[in-house]
Amino acid sequence: MGSCCCKSKEVEEEISRKISVVGNGEVGKTCLIKRYLTDEFDEDTPHSYIPSALQVDEKVEELKNGKKVHLFIYDLGGRDTFKHLTRMNYPRSDAALICFGIDDKESLKAVKEYWIPEMIRICPGIPILLVGLKKDKRDETRTIENFVRESDGHSLAKSNNLVGYVECSSLKGDGVKTVFATIAREAAKRQNTQKAAESV
Ligand SMILES: Nc1nc2c(ncn2[C@@H]2O[C@H](COP(=O)(O)OP(=O)(O)O)[C@@H](O)[C@H]2O)c(=O)[nH]1
Ligand SMILES: [Mg+2]
């Protein structure tokens, strides 16, 4: 009898959350997810994939308060030909990572003009974290004036009421844990009632 009660309690304590990862193609979304899941960066892996519209991965993230959040991470393409399919997968997201490359100002422009408005329109009220990828490129190049400034990321996040802005490097592994710890914590705050209301 005792073991039965414990089991149902355990199930209650782990919650599931859907995290959508969006942004232009080639900004580094797949590498970010791979670094988080396996703690590896494999230069060749993304290129051996046929670019797909959707890949779903799972990982349990433990929050600082001990609560476990089972993340379902949706790697949502980003290439123009898949944009309609990408949008079809937004509904019922609990949170989103909207990504750009810090070496690619066009990808930041797309975040401002397309990715943020689309996500807010389809999933109003969900927590969104703005993520600047390929942070390592700042260290290894002198063409820094062509890069997105860290302050631009922070102000874009602020002006759109996003959760915040985090920069990271999947190549170096730097900042990746912060990205997922932050989004898991914010997604966990969302009430199940909100989820239920949106899924009908
Ligand atoms: N320097 C650097 N290159 C990266 C990083 N992350 C990804 N890349 C490279 O950027 C390219 C696109 O990465 P990918 O994850 O496939 O982008 P996606 O299309 O957004 O999923 C690949 O050549 C990666 O090797 C990073 O943190 N630093
Ligand atoms: Mg990809």
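Two residues count as being in contact, or touching, if their C-beta atoms, placed from the backbone, lie within 7 Å. Keep that in mind for these exercises on a predicted model, where local features need pLDDT of at least 70, side-chain atom pairs count only at pLDDT 80 or more, and totals for chains, interfaces and linings use all residues. Residues are numbered from 1 along each chain as its sequence is written, and chains are lettered from A and ligands numbered from 1 in the order in which they are written.

**Exercise 1. Find the neighbours of Ile73 and say whether Ile73 is buried or exposed.**

Step 1. Strands (E, at least two residues) and helices (H or I, at least four) are DSSP runs, numbered from the N terminus.

Step 2. List what Ile73 touches. Leaving out residues up to four places away in sequence, you get Ile19, Val21, Ile33, Val56, Asp57 and Lys59.

Step 3. Count C-beta atoms. A residue is buried if 20 or more other C-beta atoms lie within 10 Å of its own, exposed if 12 or fewer, and partly exposed in between. Ile73 has 23 within 10 Å, so Ile73 is buried.

Step 4. Check the sequence gap to Arg17: 56 residues separate Arg17 from Ile73, yet their C-alpha atoms are 8.6 Å apart.

**Exercise 2. Describe the largest nonpolar core.**

Step 1. The largest core holds 45 residues, and Ile19, Leu97, Ile98 and Val131 have the most contacts inside it. Among the elements that give two or more residues to this core are strand 1 (14–22), strand 3 (68–75), helix 5 (105–122) and helix 8 (176–189).

Step 2. The residues Ile19 touches, beyond four places in sequence, include Leu71, Ile73, Leu97 and Ile183.

**Exercise 3. Work out the strand order of the sheet.**

Step 1. Strands pair if DSSP finds at least two bridges between them. Six strands make an open sheet, ordered 2-3-1-4-5-6, with mixed pairing.

Step 2. Look for strands that pair on one side only: these edge strands are strand 2 (55–62) and strand 6 (164–167).

Step 3. Take one pair. Strand 4 and strand 5 run parallel and are joined by six bridges, and Gly101 stands opposite Leu133 in strand 5.

**Exercise 4. Which residues of helix 7 are buried, and which are exposed?**

Step 1. The buried ones are Gly153, Leu156 and Ala157. Down the axis of helix 7, they fall within an arc of 100° (taken from the directions from the helix axis to the C-beta atoms), so they line one face.

Step 2. See what the buried face meets: the buried residues pack against helix 5, strand 5 and strand 6. Just past helix 7, Asn161 takes a positive phi of about 55°.

**Exercise 5. How many of the residues of helix 2 are buried?**

Step 1. Eight of its ten residues are buried, leaving helix 2 mostly covered.

Step 2. Name some: the buried set includes Lys29, Cys31, Leu32 and Arg35.

Step 3. Walk off the end of helix 2 to Asp39, where phi is positive, near 60°.

Key: Core = buried A, V, L, I, M, F, W, Y, C linked by C-beta atoms within 7 Å.
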